[in-house]
Amino acid sequence: MPTDSIWSYAQGLDHARGADLTGYTVVASDGTAGHVDRQAGHHGMPHLVVDTGVWVFGRSLLVPVGVITSVDTAGRKLTVSCTRAELKAAPRFRTDSETMDHVYLTAVGHYYSELPREERPAG
């Protein structure tokens, strides 16, 4: 996946663009990963900060919107295309200032864009 597309919602998720996803449960391909604590979009790189709870010792993760594969507004749940281990292995998110750090965001985008992806049906 090209790095720039990791910062764009997938085709068919237009209803999620601009929506407040705060509080939504984040589900990886192999189980629940946490919930959306907040959203940001600095440098044209929209992403979510996901609170993992005790699963990763209270650590938060920064997740680009391009890995979201579905959004269930009624169930307040979104699904991402990675596994929990892939989320955990992403560049470490330490402080809120990193949501505005272009170098950090670029490293995160590169990490997620290099993950293998299953082909998704269009639409």
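The legends below describe close-up views of one predicted model. Local features are reported at pLDDT of at least 70 and side-chain atom pairs only at pLDDT 80 or more, while totals for chains, interfaces and linings use all residues. Residues are numbered from 1 along each chain as its sequence is written, and side-chain values use heavy atoms, with hydrogens and water left out.

View 1. Strands (E, at least two residues) and helices (H or I, at least four) are DSSP runs numbered from the N terminus, and two strands pair if DSSP finds at least two bridges between them.

**View 2. Strand 4 (residues 60–64) is mostly covered.** Five of its five residues are buried, where buried means under 20% relative accessible area, exposed over 50% and partly exposed in between (1.4 Å probe, protein chains only). In a regular strand the side chains alternate between the two faces of the sheet. Here Ser 60, Leu 62 and Pro 64 point one way, and Leu 61 and Val 63 point the other way. Strand 3 (residues 47–51) pairs with strand 4 in the antiparallel sense over five bridges. Val 49 stands opposite Leu 62 in that pairing.

**View 3. The largest nonpolar core holds 35 residues.** Such a core is a set of buried Ala, Val, Leu, Ile, Met, Phe, Trp, Tyr and Cys residues joined through side-chain atoms within 4.5 Å. Ile 68, Leu 78, Val 80, Leu 87 and Tyr 112 touch the most other members. Two or more residues each come from strand 1, strand 2 (31–40), strand 3, strand 4, strand 5, strand 6 and helix 2. Helix 2 gives the largest share, five residues. Leaving aside neighbours within four places in sequence, the contacts of Val 80 include Val 26, Val 63, Ile 68 and Leu 87.

**View 4. The structure holds two aromatic pairs.** Rings of Phe, Tyr and Trp (its six-membered ring) pair if their centres lie within 6.5 Å; planes under 30 degrees apart count as stacked, over 60 as edge-to-face and the rest as tilted. Phe 93 and Tyr 104 form a tilted pair, 6.5 Å centre to centre with 45° between the planes. Phe 93 lies in the loop between helix 1 (84–88) and helix 2 (102–114) and Tyr 104 in helix 2, so the pair ties together parts that are 11 residues apart in sequence. Both Phe 93 and Tyr 104 are buried. Tyr 111 and Tyr 112 form an edge-to-face pair, 5.2 Å centre to centre with 80° between the planes. Tyr 111 and Tyr 112 are buried as well.

**View 5. Asp 37, Arg 38 and Asp 96 are linked in a network of salt bridges.** A salt bridge is a side-chain nitrogen of Lys or Arg within 4 Å of a carboxyl oxygen of Asp or Glu. The closest N and O atoms are 2.1 Å apart between Asp 37 and Arg 38, and 2.2 Å apart between Asp 96 and Arg 38. Asp 96 lies in the loop between helix 1 and helix 2 and Arg 38 in strand 2, so their pair ties together parts that are 58 residues apart in sequence. Relative accessible area is 32% for Asp 37 and 26% for Arg 38, and Asp 96 is partly exposed at 43% relative accessibility.

**View 6. Arg 17 and Asp 14 meet in a salt bridge through their side chains.** The N to O distance is 2.7 Å. Arg 17 is partly exposed at 46% relative accessibility, whereas Asp 14 is exposed, with a relative accessible area of 52%. The structure holds three salt bridges.

Terms used:
Contact means heavy atoms within 4.5 Å.
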